[in-house]
Amino acid sequence: MSAERRVPKIVSSRWDVKNGHTLDVYLQTGGYQGLERALSMTPEQVHDEVKAATIQGRGGAGFPAGAKWGLIAPGNYPRYLVINGDESEPGTYKDRVIIERDPHLLLEGVLITAYAIRAEQAFIYIRGEMPFAHERMIQAVNDAYRAGYVGRNVLGKPWGVEVVVHWGAGAYIVGEETALIESLEGNRGMPRLKPPYFPAAKGLYMQPTVVNNVETMANIPWIVSNGGAAFAALGNETSNGTRLFALSGHVNKPGVYEVELGVTTFRDLVEKPEYGAGVRSGHALKAFIPGGASAPWFYEEHLDLPLSAKEVGDAGSMLGSGAVVIMDETTDAVRAAWRVVMFFAKESCGKCTPCREGTTWLRRIYERILSGAGRPEDIELLLDVADNISPGLAWPPRQTTICPLGPSAASPIASSIRRFRHEYEAYVTGATRPADDLVLTGADPT
Amino acid sequence: MARFTPENVKIAEAIVARYPRKRSATIPLCHLAQEQDGYLADDAMEHVAELVGATPAEVRGVATFYEMFKLHPVGKYLVGVCTNISCMLLGGEELLQHCSKSLGVKPGGTTDDGMFTLEETECLAACTEAPMLQVNYRYFHRIDHDGFDRLVDELRQGGRADEVPPHGTLSRVRQVIPEERAFGVLPVEAARGADRPARAGEPEPAK
């Protein structure tokens, strides 16, 4: 626990290395040694190392990768590996950095995983709005093919895999793993019902499929090179390893920082000079989002919580996608909540009624309040509609829907009304005046 | 506007061949069509349908789900301003207002000269670089109002062509799988069984 303990940079070691994205520099800095080691082991041994590491998925849901691989049904081929690079949770900015600055690290993780799960083929699904990331990733894959790291007889061994870089086209919901699979099959990106469509059983083309996040994959080469036990030695009992956090909003030094889980606290992240260097100068913290737009908000009293799944979960929120958004006292809580709710309303795929109708009505009620036409009963109405999407407004959220998108919209509403009800009341009584045309820039023209 | 050119048909066929099922190429081919024409035209969608073995209605049904596919022509430059939470906190809404006044169009609109279409977008994964915008999905981090006006001037005068290709062009690097290195893509049905099918150079799976 001592501050002197050296914590390795597992996924961000090449970010500041000149040309760290190229194959040459990757090889000069230890690249593809994990793959080499993996191919000298059996797939089961590789899997065992990842299980021993207990790396929780870095996409948002936090399901351990080793356990996820273990869910795959035996004796049913082909199996597929799908990488989720459809990063779009508001506040989340880490997978794009990995892909742009260290694409070979991701690719190496993909290759090791494909070997471990005996995948027939691997697909790297990258969000469409990130063409630079595509260029970096595709260049890396092209170079790796030519150099013998991908394709047939990888590193001269009797093993191969085809890796395909795939495009998204603008849909947040596709970050949900079954929706991602639908999209990869060439369909509208709507989630599938689980059960029966757990990807490990009936995934891509109805075959067993592992879907893993970009950052999760970027940890795999280190785990294989250094051993699962070395990874598990980082962090605390419930959260192993290091993790990327995108710190944004009202801080002096916003940025994407790799920190050790479990021992680092939110306060470290926000205040330490090497990270956020404090809330925006001259201002005080009002609230912060600890893990992406879907996460319930935290406040001053939560700053000393460690970045750890259990502690954060027990306190009523989640580390989610590693997006920490700081709001200082100048923030209008109603407007901030509206922005997040509007996001979910726009991004609802429309499959489930509570989400499709609920988020749309929530948005309209917010716009009524913000435009100065709100009624006192609108505050309870917001809670009532949110409760119909996520009964009880509890944490973890209960769902009336196939996927968690709709229930996620309830988080900012419940959080902001519980803590800042007076700001809502000020709007509906006319004490707070709407900021003219600025407020409703995002209002739906229909 | 158009079906694929012969050159693009070749690219499209190479993309289709990378998937165990042709339909998986639907989104990549829609992007290719948009790269060719600047938007996703009706007959381009028909051509995509032929290449992936779908009906034109199915391709349209897919395309309309995704924000990036424009079924009508847009400006040469698509300006997307993020107003989601991290950007909102640092002036994203004000930036959008400024862009709107400066270009003389509301979000969703296109300037009379056909150069710029303005959009309000959701989070674009540059949250630590707020406020930010994209032009044809190229990032402009921590941009202020004057910076935006200068950018628009440059683009109007034909500047930054290397940095910002015309709307529809995404990656300018295409995936190439050299034939001698290809592992081979099996259709799902051909790969189906109790074991992973062996390929050239691989031992038969142990029983």
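Is B:Thr121 buried or exposed? Select it first: at 12% relative accessibility, B:Thr121 counts as buried. Buried here means under 20% relative accessible area, exposed means over 50%, and partly exposed lies in between (1.4 Å probe, protein chains only).

Before moving on, note the ground rules. This is a predicted model, in which local features need pLDDT of at least 70 and side-chain atom pairs count only at pLDDT 80 or more, while totals for chains, interfaces and linings use all residues. Residues are numbered from 1 along each chain as its sequence is written, chains are lettered from A and ligands numbered from 1 in the order in which they are written, and side-chain values use heavy atoms, with hydrogens and water left out.

**Stop 1: around B:Thr121**

B:Thr121 sits in strand E2 (residues 116-121) of chain B. Helices (H or I, at least four residues) and strands (E, at least two) are DSSP runs, numbered from the N terminus. Now show its contacts, meaning heavy atoms within 4.5 Å. Neighbours within four places in sequence aside, B:Thr121 touches B:Gly80, B:Val81, B:Cys82, B:Thr83 and B:Asn84.

**Stop 2: all of chain B**

Zoom out. Chain B has eight helices and four strands. Their order from the N terminus is α-α-α-α-β-α-α-β-β-β-α-α. The C-alpha trace spans about 65 × 40 × 30 Å along its principal axes. The radius of gyration of chain B is 21 Å, whereas a compact globule of 207 residues would have one near 17 Å. That radius is taken over C-alpha atoms, and the globule rule is 2.2 Å times the number of residues to the power 0.38. Buried residues make up 58% of the chain. Of the contacts in chain B with a separation of 6 or more, 61% join residues 24 or more positions apart.

**Stop 3: the B–A interface**

Show both chains. Here 75 residues of chain B contact 91 residues of chain A. The buried area between them is about 6800 Å², and carbon and sulfur atoms give 55% of it. Buried area is the accessible area (1.4 Å probe) that two parts lose on being put together, summed over both. Select B:Phe65, B:Arg181 and B:Arg196: they supply 11% of the area that chain B buries against chain A, more than any other three residues.

Next, look for charge pairs. A salt bridge is a side-chain nitrogen of Lys or Arg within 4 Å of a carboxyl oxygen of Asp or Glu. Seven of them link chain B and chain A. One to display is B:Glu93 with A:Arg339, whose closest N and O atoms are 2.8 Å apart. Among the elements giving two or more residues to this side of chain B are helix H2 (26-37) and helix H6 (92-103).

**Stop 4**

Select B:Glu129 and B:Arg142. Their salt bridge has its closest N and O atoms 3.0 Å apart. B:Glu129 lies in the loop between E2 and strand E3 (133-135), and B:Arg142 in the loop between E4 and helix H7 (145-156), so the pair ties together parts of chain B that are 13 residues apart in sequence. B:Glu129 is buried at 17%, but B:Arg142 is partly exposed at 48%.

**Stop 5: chain A**

Go to helix H5 (residues 95-101) of chain A, where A:Arg96 and A:Glu100 lie four residues apart, about one turn of the helix. They form a salt bridge, with the closest N and O atoms 2.9 Å apart. A:Arg96 is buried, with a relative accessible area of 2%, and A:Glu100 is buried at 9%. Finish with A:Lys68, A:Glu176, A:Glu177 and A:Lys194, which are linked in a network of salt bridges.
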